[in-house]
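Me: I would like to go through this structure step by step, beginning with the overall order of its elements and then moving to individual helices and residues.

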Amino acid sequence: RAMLEKLEGSGHMYATDVDPEESAKTRERLDKLGFGSDILTIKLQNFCTIDEIAKEAGGFDFILADLGVSSMQIDNPQRGFTFKTDGPLDLRLNQQCGISRDELAGMLYENSDEPYCDEIAEAITDEIRKGHRIDTTFKLREIIENTLSFIPEKERKDTVKKTCQRVFQALRIDVNHEYEVLYEFMEKLPGALKPGGRAAILTFHSGEDRIVKKALKDGFKNGVYSDYS
């Protein structure tokens with residue numbers, strides 16, 4: 001809304017999101033505020049398709065990529081993003097199409113720097129091998145709590161909370177292929193900008209930050225970008 005107001009009736013904004021529920025709500029909310037199709041186009045697409053959108057738009061003067069998950073998604077228990085409320089959990093970890101203990105541990109470490117990745121991966125795969133389904137957010141939280149029961153009581157509550165946050169983040173990143181999508185976006189970003197165009201990228205954890213900074217630094221070295229920070 002703030003960015004649309006800054007356009008002052010000239011120019012055009014393209015907005016993209018893969019979430020059909022939140023995209024529809026956003027369209028309705030902004031339309032009621034007077035921001036219609038003359039100034040705003042909302043695309044139900046992943047931002048890694050920036051090259052397709054830029055081709056339609058003729059390139060962009062400014063691109064903002066917000067890599068965070070919205071509070072609307074996190075607060076809805078049916079979406080399974082949070083360990084604070086119970087809801088369905090789509091881990092796709094079952095005996096028919098799972099991943100190995102080592103692969104799971106590596107994913108937890110790579111996606112969230114989880115210090116207890118080996119212990120948690122072992123606990124999860126043991127549960128699955130016993131035939132127990134981990135299909136709700138509370139079931140996963142319970143496994144994490146039991147796995148970290150060796151931590152001194154005065155430290156346990158805070159450690160469990162932070163570990164839950166990291167594990168849910170790591171699984172979300174993996175299920176939605178977020179790193180692959182970000183690599184693709186960063187590769188396509190220069191071609192989507194007009195000469196002299198600018199880009200801003202909001203990252204929320206070290207994994208995203210490393211990918212973005214490396215791409216910008218390499219682009220600067222190769223003369224693609226005139227500046228980066």
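This is a predicted model: local features need pLDDT of at least 70, side-chain atom pairs count only at pLDDT 80 or more; totals for chains, interfaces and linings use all residues.

Me: What share of the residues of the protein count as buried?
Reply: Among contacts in the protein with a separation of 6 or more, residues 24 or more positions apart account for 70%. As for burial, the protein has 229 residues, and the share of them that count as buried is 36%.

Me: How far does helix α8 reach from its first C-alpha to its last?
Reply: Helix α8 covers residues 153-175, which makes 23 residues. At 1.5 Å a residue, a reach of 33 Å is expected, and the reach found in the model is close to that, at 33 Å.

Me: Which helices are included in what covers the buried residues of α8?
Reply: The buried residues of α8 include Val160, Cys164, Val167 and Phe168, and Gln169 and Arg172 are also among them. Just after this helix, His177 takes a positive phi of about 55°. The cover over the buried residues of α8 includes α5 (101-112), α6 (117-129), α7 (137-147) and α9 (178-192).

Me: Are α5 and α8 roughly parallel or roughly perpendicular?
Reply: Two packed helices are described by the angle between their axes and the distance between the axes. For α5 and α8, the axes come within 8 Å and cross at roughly 100°. Because 65 to 115 degrees is the range that counts, the relation of α5 to α8 is roughly perpendicular.

Me: How many residues of the contact of α5 with α8 are nonpolar?
Reply: On the α5 side, Met107, Leu108, Asn111 and Ser112 take part, and they meet residues of α8 that include Arg166, Val167, Ala170 and Asp174. Of the residues in this contact, 2 are charged and 3 are polar, while the number that are nonpolar is 6.

Me: Which residues touch the most other members of the largest nonpolar core?
Reply: In soluble globular proteins, nonpolar side chains tend to be buried together. Here the largest nonpolar core has 22 residues, and the elements giving two or more residues to this core are α5, α6, α7 and α8. A second, separate core of 20 residues includes Ile53, Ile173, Tyr179 and Leu193. In the largest core, the residues that touch the most other members are Leu108, Ile124, Leu140 and Val167.

Me: What distance separates the end C-alpha atoms of α6?
Reply: The buried residues of α6 include Cys117, Ile120, Ala123 and Ile124, and their cover includes α5, α7 and α8. After α6 comes Gly131, whose phi is positive, near 90°. Because the 13 residues of α6 should span 18 Å at 1.5 Å a residue, the model agrees with expectation, its end C-alpha atoms being apart by 18 Å.

Me: Does Thr147 count as buried or exposed?
Reply: Thr147 has its place in helix α7, and, leaving aside residues up to four places away in sequence, Thr147 touches Glu119, Ile120 and Ala123. Glu119 is 28 residues from Thr147 along the chain, yet their C-alpha atoms are separated by 6.8 Å. Because buried means under 20% relative accessible area, and the relative accessibility of Thr147 is 14%, this residue counts as buried.

Definitions and conventions:
Residues are numbered from 1 along each chain as its sequence is written. Side-chain values use heavy atoms; hydrogens and water are left out. Helices (H or I, at least four residues) and strands (E, at least two) are DSSP runs, numbered from the N terminus. The expected span of a helix is 1.5 Å times one less than its number of residues. Buried means under 20% relative accessible area, exposed over 50%, partly exposed in between (1.4 Å probe, protein chains only). Contact means heavy atoms within 4.5 Å. Axes are lines fitted to C-alpha atoms, for helices over the stretch in contact, and angles run from 0 to 180 degrees between N-to-C directions. Angles under 35 degrees count as roughly parallel, over 145 as roughly antiparallel, 65 to 115 as roughly perpendicular and the rest as oblique. Ala, Val, Leu, Ile, Met, Phe, Trp, Tyr, Cys and Pro count as nonpolar, Asp, Glu, Lys and Arg as charged, and the others, Gly among them, as polar. A nonpolar core is a set of buried Ala, Val, Leu, Ile, Met, Phe, Trp, Tyr and Cys residues joined through side-chain atoms within 4.5 Å.
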